[in-house]
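The sequence and the structure are shown below.

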Amino acid sequence: MNPTIAGDLTAFRAETHAWLDENCPQSQRAPVKNGFEDIFAGGRNPHFHNEDQKVWFERMRDKGWTAPTWPKAYGGGGLSPQENKVLEEEMAKLGCRKPLWSFGLMMLGPALLHYGSEEQKQKYIREIVNGEIWWSQGYSEPGSGSDLASLKTSAVDMGDHYVVNGQKVWTSYADKSDMIFCLVRTDQEAPKHSGISFLLIDMRWEGVSTRPIKLISGKSPFCETFFDNVKVPKENIVGEVNQGWSIAKNLLTHERTSIGSLFSNIFPIHEFAKEKVGLESGKLADPVLRTEVARLMIDSLGLKYAIEQTIDEAKAGQQPGAKSSYFKYTGSELNKTRNELMVALAGYEGLHWGEDIKEGKIARDMCRTKGNSIEGGTSEIQLNVIAKRVLGLPTFKG
């Protein structure tokens, strides 16, 4: 590394550590335990779980560190990939939580930075950085399954606006969100991948409604979203009309990498195993479970390092591309394995079925992981992508 850059990073690390230590409240230096029930997701009607969470978010927002590498011109931090890596390392040392979690940060923002107009970047990127809009995703539809491009929701050109009709499904937190980014069909006659556009729709507009979907896990992050003659201004199209499929694919790479990242965390399952199974000569008493726990932790560590490398590459301008399918597939399988192993470690307590007691939560969480193989593109889709675009295998013609 260039000595000057190394010296600058040394100074930046010291300044960053001092700032984080001074500004991150102690309560925000602990892992998130209950997903969206414990994090700040932003929105027009923001809900902070406590004052410390609000203080931490506002301080990070003011530095642009809710999106550290995004351009300062849109409210981001403008950090280089090397500086961002230092920031992440120092946050990890102190145990600092991310101040904001949102689909805007994980999925829409990167797509807008690439495809959006200058007006869209100035408006929406800044709102995402500031946590002002809660976004949901309108991709999946009833009847389309994994064949996403067969979508039916239509946007008819009415001259100065579009009229949208149709239905989306598995729209996470749509009942709480302020806006939704959607794939809509703007050319009924074009080949299915060529007649799709990428549209931004305000959930407050007349004709938009949602209905929650209850899952076996007892939680209901998913919704159905309906569009009934919704009038959408033309400036809400992102990119070129009928070219939305390219944006969709770009966004999916970020979504799949994000999903894989969620499941690559090194959950301390060895501690849970010691609590439930006990030790013998300093080792987990059950040799079979000991092997399974070790294999899971090694595989999780491998996935974590692979994703970290790809994230660094992305920040240097290299897109993850088809590798995101590997992360999504592997992360989903590891999460299922992790939760099935926890049920096994818990013994008969793992068969309890409730929402409030720990053992009941284990069983429900295990059931929820089955959906990981479907959401964000099924495992079969990911394996097809890996076979064709990563391994270069020929298409099977039976």
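## Basis of the description

Angles between axes under 35 degrees count as roughly parallel, over 145 as roughly antiparallel, 65 to 115 as roughly perpendicular, and the rest as oblique. The axes are lines fitted to C-alpha atoms, for helices over the stretch in contact, and the angles run from 0 to 180 degrees between N-to-C directions. Helices (H or I, at least four residues) and strands (E, at least two) are DSSP runs, numbered from the N terminus.

The model is predicted: local features need pLDDT of at least 70, side-chain atom pairs count only at pLDDT 80 or more, and totals for chains, interfaces and linings use all residues. Residues are numbered from 1 along each chain as its sequence is written, and side-chain values use heavy atoms, with hydrogens and water left out.

## Helices H4 and H5

Two packed helices are described by the angle between their axes and the distance between the axes. For helix H4 (residues 103-115) and helix H5 (residues 118-129), the axes come within 10 Å and cross at roughly 160°. H4 and H5 are therefore roughly antiparallel to each other. Their crossing is left-handed (the near helix is turned anticlockwise from the far one by less than a right angle; clockwise would be right-handed).

On the H4 side, the contact (heavy atoms within 4.5 Å) involves Gly104, Leu105, Leu108, Gly109, Leu112 and Leu113, which meet Lys121, Tyr124, Ile125 and Ile128 of H5. By class, the residues of this contact are seven nonpolar, two polar and one charged. Here Ala, Val, Leu, Ile, Met, Phe, Trp, Tyr, Cys and Pro count as nonpolar, Asp, Glu, Lys and Arg as charged, and the others, Gly among them, as polar.

## Helices H7 and H9

Helix H7 (residues 269-277) and helix H9 (residues 323-346) have axes that come within 9 Å and cross at roughly 20°. That angle makes H7 roughly parallel to H9, and the crossing is left-handed. Ile269, Phe272, Ala273, Lys276 and Val277 of H7 make the contact with Arg338, Leu341, Met342, Leu345 and Ala346 of H9. The contact of H7 with H9 comprises eight nonpolar, no polar and two charged residues.

Within H7, Ile269, Phe272 and Ala273 are buried (under 20% relative accessible area; exposed is over 50% and partly exposed in between, with a 1.4 Å probe and protein chains only). Seen down the axis of H7, the buried residues fall within an arc of 100°, so they line one face of the helix. The arc is that of the directions from the helix axis to the C-beta atoms. Just after H7, Gly278 has a positive phi of about 85°.

## Helix H11

In helix H11 (residues 379-390), the buried residues are Ser379, Gln382, Val385 and Ile386. Their directions, seen down the axis of H11, fall within an arc of 120°, so these residues line one face of the helix.

## Individual residues

Thr16 belongs to helix H1 (residues 3-23) and is buried, with a relative accessible area of 2%. Not counting residues up to four places away in sequence, Thr16 touches Trp65, Leu87 and Glu90.

Trp170 is in the loop between strand E3 (161-169) and strand E4 (179-185), and at 46% relative accessibility Trp170 counts as partly exposed. Asn229 lies in strand E7 (residues 223-233).
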